[in-house]
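Subject: Structure handover

Hello,

Here is the structure I promised to pass on. My notes follow below it.

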Amino acid sequence: MTQDHAFDKDYWDQHWQQDRPQAAAAPPANPYLVRETSDLVPGTALDAGCGEGAEAIWLASRGWHVTAADIAAEALARTASRATPTPASGLVRWVEADLTTWAPGTQFDLVTTNYAHPAMPQLAFYQRIAEWVAPGGTLLIVGHLHGHDPAGHDAAGHGHHPPAEASVTAADVTAVLDGARWEIVTAEEHFRTLDGHDGRAIHLRDAVVRAIRLGQRPTR
């Protein structure tokens with residue numbers, strides 16, 4: 001059932017320290033990220049709400065220079081320790097940050113977020129991080145699809161339905177991206193199932209949007 005709480009630092013610190021045991025193996029990168037970015041030329045990337053960092057490490061392993069930001073120190077500590085022995089470690093900068101107030105001070109060739117929901121309305125969050133995409137760059141959003149999950153688990157395995165403000169449809173996301181500034185490449189909704197940490201199946205309902213910010217990509 002839905003729990004009443006704010007997605008603030010206290011919530012996420014508790015989630016990673018108490019509710020989300022550390023897995024023995026590193027989690028795989030989100031399959032939508034792999035699919036949607038494999039054809040991109042590596043450049044600079046921001047992983048907004050990086051969690052355990054699977055996506056940041058995957059991007060770095062393919063040559064991206066990644067800024068990986070998350071509000072939870074425990075999540076960052078886990079992923080930094082996993083990344084240390086890999087060649088990707090030198091290409092990722094880990095940043096403890098509240099994405100509702102933090103600003104990177106630069107723009108990126110790729111800005112991605114995977115199931116992140118901070119203490120602000122979901123669509124407002126997407127609009128905020130979209131401003132950090134450089135002209136010619138890519139925005140990739142993977143979010144909780146608004147709707148009923150029959151198993152009672154959200155994509156993060158929290159054991160409750162994500163509240164309405166933390167879920168979207170693909171149409172919701174594309175509607176907040178100005179057509180004069182963005183080209184929509186992907187706008188899809190999917191259903192898939194994963195094995196949870198406790199062995200139970202987690203049924204995921206995903207909204208996936210990839211968009212290119214119109215304008216000339218600067219040369220380096």
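Start with Leu46, which lies in strand 1. Helices (H or I, at least four residues) and strands (E, at least two) are DSSP runs, numbered from the N terminus. Leu46 is buried, at a relative accessible area of 0%. Here buried means under 20% relative accessible area, exposed means over 50%, and partly exposed lies in between (1.4 Å probe, protein chains only).

Leu46 has contacts beyond its sequence neighbours. Leaving out residues up to four places away in sequence, Leu46 touches Thr67, Ala69, Trp102, Phe108, Leu110, Val111, Thr112 and Trp132. Contact means heavy atoms within 4.5 Å. Gln107 is 61 residues from Leu46 along the chain, yet their C-alpha atoms are 8.8 Å apart.

Before you read further, a word on the source. This is a predicted model: local features need pLDDT of at least 70, side-chain atom pairs count only at pLDDT 80 or more, and totals for chains, interfaces and linings use all residues. Residues are numbered from 1 along each chain as its sequence is written, and side-chain values use heavy atoms, with hydrogens and water left out.

Now the overall picture. The chain has six helices and seven strands. From the N terminus, their order is α-α-β-α-β-α-β-β-α-β-α-β-β. The chain has 220 residues, and 50% of them count as buried. Take the contacts with a separation of 6 or more: 71% of them join residues 24 or more positions apart.

Next, the nonpolar cores. A nonpolar core is a set of buried Ala, Val, Leu, Ile, Met, Phe, Trp, Tyr and Cys residues joined through side-chain atoms within 4.5 Å. The largest one has 27 residues. Leu46, Trp102, Val111, Ile129, Trp132 and Leu139 touch the most other members. Several elements each supply at least two residues of this core, among them strand 1 (44-48), strand 4 (108-114) and helix 5 (122-130). Helix 5 gives the largest share, four residues. A second, separate core holds 24 residues, including Ala29, Ala68, Leu110 and Leu140.

Which residues of helix 5 are buried? They are Gln122, Phe125, Tyr126, Ile129 and Ala130. Seen down the helix axis, the buried residues of helix 5 fall within an arc of 135°, so they line one face. That arc is taken from the directions from the helix axis to the C-beta atoms. Ile129 is in contact with Ala48, Val111, Thr113 and Leu139, leaving aside neighbours within four places in sequence.

Last, the charged pairs. The whole structure has six salt bridges. A salt bridge is a side-chain nitrogen of Lys or Arg within 4 Å of a carboxyl oxygen of Asp or Glu.

- Glu36 and Arg35 form one, with the closest N and O atoms 2.7 Å apart. Glu36 is buried at 4% relative accessibility, while Arg35 is partly exposed at 39%.
- Arg210 and Asp39 form another, at 3.5 Å from N to O. This pair links distant parts of the chain, 171 residues apart: Arg210 is in strand 7, and Asp39 is in the loop between helix 2 (31-37) and strand 1. Arg210 is buried at 8% relative accessibility, whereas Asp39 is exposed at 56%.
- Asp206 and Arg192 meet at 2.8 Å, N to O. Asp206 is in strand 7 and Arg192 in strand 6 (residues 182-195). Both Asp206 and Arg192 are buried.

Salt bridges also link Arg35, Glu36, Asp39, Glu188 and Arg210 in a network.

Best wishes
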